[in-house]
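Reader: I would like to learn how to read this model. Where do we start?

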Amino acid sequence: AARSPLRTSRSAEYQAFSEIIRRLGRAGQAHSGRFSELAAAIHDNRALWTILASDVAGADNELPETLRAQIFYLAEFTDQHSRKVLKGQADVSVLVEINTAVMRGLAAASATAEVAS
C-alpha cells in the first residue's frame with residue numbers, strides 16, 4: 001500500500017471506467033453463453049453512472065451547469081439502454097462508446113490541469 005501511487009478523483013474515475021469498459025466488452029463478445037457476466041458488468045456500469053448522477057445533482061458540485069446536465073442525461077440514457085441490452089433489444093457497444101468518450105474527457109481534463117499547475 002505504501003508503494004501505491006496516490007490517485008486523484010479523476011484518475012480513480014478513469015480507472016473505474018476502464019475496468020467497466022473491459023468487462024462490458026468481454027461480456028458483450030461472450031453474451032451468447034454468459035448472460036450472468038453481462039448482467040454483472042451492466043449492473044456495475046449502472047452503479048457507476050448512478051454515483052455520477054448523484055454527484056452532479058448535488059448543489060456543491062463545481063462543474064459547469066451544462067456539463068452537469070449532460071452527465072445526468074447520459075446517466076439516464078445508460079440506465080434505459082442497459083435495460084434494452086439485458087432484454088436482448090440493444091447492443092452493449094453503445095455503453096462502451098459512452099464510457100470511452102467520458103474517459104477521453106477525463107484524460108483531457110487531467111492533462112489540462114497538469115499544464116495549468
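This is a predicted model: local features need pLDDT of at least 70, side-chain atom pairs count only at pLDDT 80 or more; totals for chains, interfaces and linings use all residues.

Reader: How many helices and strands are in the protein chain?

Author: Both are DSSP runs, numbered from the N terminus: helices are H or I, at least four residues; strands are E, at least two. The protein chain has four helices and zero strands. Its pattern along the sequence is α-α-α-α.

Reader: What percentage of the residues in the protein chain is buried?

Author: Buried means under 20% relative accessible area (1.4 Å probe, protein chains only). Of the 117 residues, 27% are buried.

Reader: What is the volume of the largest pocket?

Author: On a 1 Å grid over the protein atoms alone, a pocket is an open set of points where a 1.4 Å probe fits, with protein on both sides within 12 Å along at least five of seven lines; lining residues have an atom within 4 Å of a point. Volume is the space filled by probe spheres set on the points, joined across faces, edges and corners. The largest pocket has about 500 Å³. It is lined by 20 residues, and closest to its centre are Glu 13, Leu 63, Leu 67, Ile 71 and Leu 106.

Reader: Which helix gives the most to that lining?

Author: H4, with five residues. Helices H1 (9–29), H2 (35–57), H3 (65–86) and H4 (93–116) each supply at least two.

Terms used: Residues are numbered from 1 along each chain as its sequence is written. Side-chain values use heavy atoms; hydrogens and water are left out. Buried means under 20% relative accessible area, exposed over 50%, partly exposed in between (1.4 Å probe, protein chains only).
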